[in-house]
Amino acid sequence: MSQLLLIFLFLGILNCEAQYFNTNPYDYLELALRWPNSYCLTHDGGCREIVPQYFTISYLRPRQREGPDKQYCPSPFTMPNSTMEVNKNDLLKFWPDLRTDNFIESKSLWRDQWRRFASCYNMLPNDYIVYALNSRKRNDLKKILTSAGIVASGNPYPTRRILQAFRKALGVNVDIICEPDRSGNVYLAEVHQCVDVSGTTLIDCDNKARGCDDDPIFPYMGFQPDKDPN
């Protein structure tokens, strides 16, 4: 009897996982890459003393073209500590918590990202983390802007020029997000890339500049910057 019960429990787990992986409730993936300087200027709570001087991951999430976006989906998986340990160096470099450079304290960020967004993405936690990191490494957004004459110097740039620079370099449209500080200065905060449901190919985003009523400032913090990652 006990063996029969174990078999039924095992089959139930397999069925749960099969339903999870067969579910495809989204139309595309959105990779949000953050300019750390802007985040520190526009968010209360403070940043660590030195932040990266290159675009870092803000989030990777599934998106729906129609209807509400998915968050905190039921999942049989959790973010294991081993996944974060194996990817420690890349997580600290490309997906940092801008409030701290302490690895242990940063784990809450990646766990929350998994619960909030990745629980709705039918990949195992390790695959999700590795995919997000590899997607960030694939394109150096700061280099794209610099090559187009758009440099982090505290100067404003027309949103159209920023969008065109990414279109020319990537071959697809992106979205950009701007955020204001308390004085009303508007900063280039994030660049959003859209990826097909297979997670392999960049596709067009809407080519929109959200929150950019004025030409956004591309800020530099004024201290010795981190070296750009290889």
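In this predicted model, the side chains of R63 and E30 meet in a salt bridge, with N and O 2.9 Å apart. The two partners come from distant parts of the chain: R63 sits in strand β2 and E30 in strand β1 (residues 28-34), a separation of 33 residues.

E85 pairs with K107, their closest N and O atoms lying 2.8 Å apart. Here, too, distant parts of the chain are linked, with E85 in helix α3 and K107 in helix α5, 22 residues apart. E85 counts as partly exposed at 37% relative accessibility, whereas K107 counts as buried at 7%. In the other example, R99 forms a salt bridge with D97, and the closest N and O atoms are 2.9 Å apart. R99 is exposed, with a relative accessible area of 52%, while D97 is buried, with 5%.

Attention now turns to the covalent links. Four disulfides are present in the structure. When the bonded cysteines are numbered in sequence order, they pair as 1-2, 3-4, 5-8, 6-7.

One of the disulfides joins C73 and C120, whose sulfur atoms are 2.0 Å apart. The torsion about their S-S bond is about 95°, so this disulfide is right-handed. C73 lies in the loop between β2 (56-63) and α3 (81-86), and C120 in the loop between α5 (103-116) and α6 (125-138), so the pair ties together parts that are 47 residues apart in sequence. C120 counts as buried, at 5% relative accessibility.

C178 and C212 form another disulfide, with 1.8 Å between their sulfur atoms. This link is right-handed, with 85° about the S-S bond. Because C178 lies in strand β4 (residues 175-180) and C212 in the loop between β7 (209-210) and β8 (217-218), the pair ties together parts 34 residues apart in sequence. Both C178 and C212 are buried.

C194 and C205 are also bonded, their sulfur atoms being 2.1 Å apart. The link of C194 and C205 is right-handed, with 120° about the S-S bond. C194 belongs to strand β5 (residues 186-195) and C205 to the loop between β6 (202-203) and β7, 11 residues apart. C194 and C205 are both buried.

Key: Residues numbered from 1 in each chain as written. Predicted model: local features only at pLDDT ≥ 70, side-chain atom pairs only at ≥ 80, totals over all residues. Heavy atoms only, no water. Disulfide = S-S within 2.5 Å. Helix = DSSP H or I, 4+ residues; strand = E, 2+ residues; numbered from the N terminus. Buried < 20%, exposed > 50% of the residue type's maximum accessible area, 1.4 Å probe, protein only. Salt bridge = Lys/Arg side-chain N within 4 Å of Asp/Glu carboxyl O.
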